Amino acid sequence: MSRFFSNEAFAVMKYRNFRLFLAYRFFMTSATLMQAVIVGWQLYDITKNPLSLGMIGLTEVIPQVCIALFAGHFVDLWDRKRIMSYTSLLLLLGSAILTASSAKLQIPFLSGVAPIYVTVFLVGLTRGILMPAHTALLGQLVPRELLTGAATWGSTAWQVAAVAGPAMGGLVYGFFGIVPAYVLVFSFFLTCVVLLTFIKSPGKVVRESKSGDNIFSSIGEGIRYVFKNQILLGAFSLDMFAVLFGGAVAMLPVFASDILKVGPEGLGVLRACPAIGAIIMSVFLTFYPPVKHSGRQMIYSVGAFGLCMIVFAISTNFYLSAVVLLLSGSFDFVSVVVRSSILQLFTADEMKGRVSSVNSIFVGSSNELGAFESGTAASVMGLVPSVIFGGVMTLIVVSVAAVSAPKLRNMSLAEVGKN
């Protein structure tokens with residue numbers, strides 16, 4: 001048993017700051033995804049229009065993309081923990097708006113769908129700042145040789161939260177109502193703010209940049225850094241297009257309501273299934289990390305994810321749909337761990353804020369753009385054909401990446417980590 005826990009995968013857990021960081025990641029992800037489930041069901045219940053769900057994604061991605069590159073510049077200049085603390089307060093404000101509007105308090109402008117879109121806008125704004133700050137801070141909390149393990153644990157915490165958040169959101173909404181559900185979200189965001197106060201800041205990174213203090217030159221430096229590195233660019237692009245075309249999560253409220261007919265409780269289960277699959281995979285990867293033939297594992301996993309989306313689209317059985325979503329989560333987790341490790345290992349500390357901001361546009365925004373694409377395609381093509389189309393496009397993207405990015409295809413994290 002002692003040999004089991006002496007495995008180097010657990011070495012990163014010796015660091016108190018990292019343990020607090022994981023707790024923050026868990027509560028932040030739980031609250032964000034819990035809120036997404038509640039907002040999705042509430043909005044579709046009001047509008048009965050799949051396009052309105054797609055508009056959620058567009059409303060979130062616009063501020064995220066607009067602020068991300070500027071945020072990356074300042075993340076590389078300022079204290080990253082302090083940036084996370086201030087921006088987390090914005091999420092707390094958005095949660096308070098949703099709670100107040102759902103409680104039907106007689107407050108001007110807090111009625112109808114407007115508070116939902118205002119909060120989603122705030123979420124997008126904070127994500128554009130938090131994603132580069134979060135990724136860059138992680139690189140300061142643990143030694144370089146433990147970064148792949150840290151990425152695995154961080155992704156695992158995200159996935160565990162992705163099970164707990166949607167499940168709690170759907171169940172509390174279904175059994176107790178919308179106001180208690182939003183109160184729970186608020187309490188989770190508040191916990192995040194408190195946890196950050198206990199993380200000891202590692203301070204600013206000593207930055208050696210040729211761009212000086214010019215913000216636009218600094219941003220350009222970060223963009224060039226990514227585009228000159230075939231492995232970074234290939235990994236970011238592969239995930240971006242796969243998620244953009246292959247994600248059916250935005251349409252789950254429609255599948256749950258109109259096709260599978262399982263209500264908000266069933267929606268919570270469906271939203272949790274990909275994360276359950278990811279958690280199962282995370283247990284395996286904790287002891288057998290994807291450090292050999294890492295690029296090929298990433299490419300194969302994204303291809304399998306696309307196939308899962310096609311099967312999900314044609315399924316009319318709740319249990320089959322749940323299993324397919326579970327499998328899609330396990331395949332996606334492999335890709336997430338490899339991409340996160342690539343970002344940490346192939347990026348200098350003083351560049352991680354800017355490179356992470358580019359990654360947030362490539363990958364983070366693709367979830368919201370994918371939601372908009374899914375909603376628009378469903379309105380034009382029909383729900384099931386649109387998801388099948390997305391799965392097929394994912395397979396095409398994987399084929400192109402396998403041919404056009406040989407350095408990514410042949411990359412092994414084990415060799416990089418030794419340098």
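Helix α2 (residues 16-47) and helix α4 (residues 80-102) pack with their axes 12 Å apart and at an angle of about 30°, which makes α2 roughly parallel to α4. The model is a predicted one, in which local features need pLDDT of at least 70 and side-chain atom pairs count only at pLDDT 80 or more, while totals for chains, interfaces and linings use all residues. Residues are numbered from 1 along each chain as its sequence is written, and side-chain values use heavy atoms, with hydrogens and water left out.

**Packing of α2 with α4**
- α2 passes α4 in a left-handed crossing (the near helix is turned anticlockwise from the far one by less than a right angle).
- On the α2 side, Tyr24, Met28, Gln35, Val39 and Gln42 meet Met84, Ser88, Leu91, Ser95, Leu98 and Ser102 of α4, where contact means heavy atoms within 4.5 Å.
- By class, this contact of α2 with α4 has six nonpolar, five polar and no charged residues.

**Packing of α12 with α13**
- The axes of helix α12 (residues 294-314) and helix α13 (residues 318-345) cross at roughly 155° and come within 8 Å, which makes α12 roughly antiparallel to α13 (angles under 35 degrees count as roughly parallel, over 145 as roughly antiparallel, 65 to 115 as roughly perpendicular and the rest as oblique).
- α12 passes α13 in a left-handed crossing.
- The residues of α12 in this contact include Met298, Phe305 and Phe312, and those of α13 include Leu325, Phe331, Asp332 and Arg339.
- The contact of α12 with α13 has, by class, 14 nonpolar, six polar and two charged residues.

**The chain as a whole**
- The protein chain has 17 helices and zero strands (DSSP runs, H or I of at least four residues for helices and E of at least two for strands).
- Of its 419 residues, 57% count as buried, a term for residues under 20% relative accessible area, with exposed meaning over 50% and partly exposed in between (1.4 Å probe, protein chains only).
- Among contacts between residues at least 6 apart in sequence, 87% join residues at least 24 apart.

**Positive phi in two loops**
- Lys261, in the loop between α10 (252-259) and α11 (263-287), has a phi near 55°, a positive value in a residue other than glycine, and counts as exposed at 63% relative accessibility.
- His293, in the loop between α11 and α12, has a positive phi near 50° and is exposed, with a relative accessible area of 51%.

Conventions
Axes fitted to C-alpha atoms, helices over the stretch in contact; angles between N-to-C directions. Nonpolar A, V, L, I, M, F, W, Y, C, P; charged D, E, K, R; others polar.
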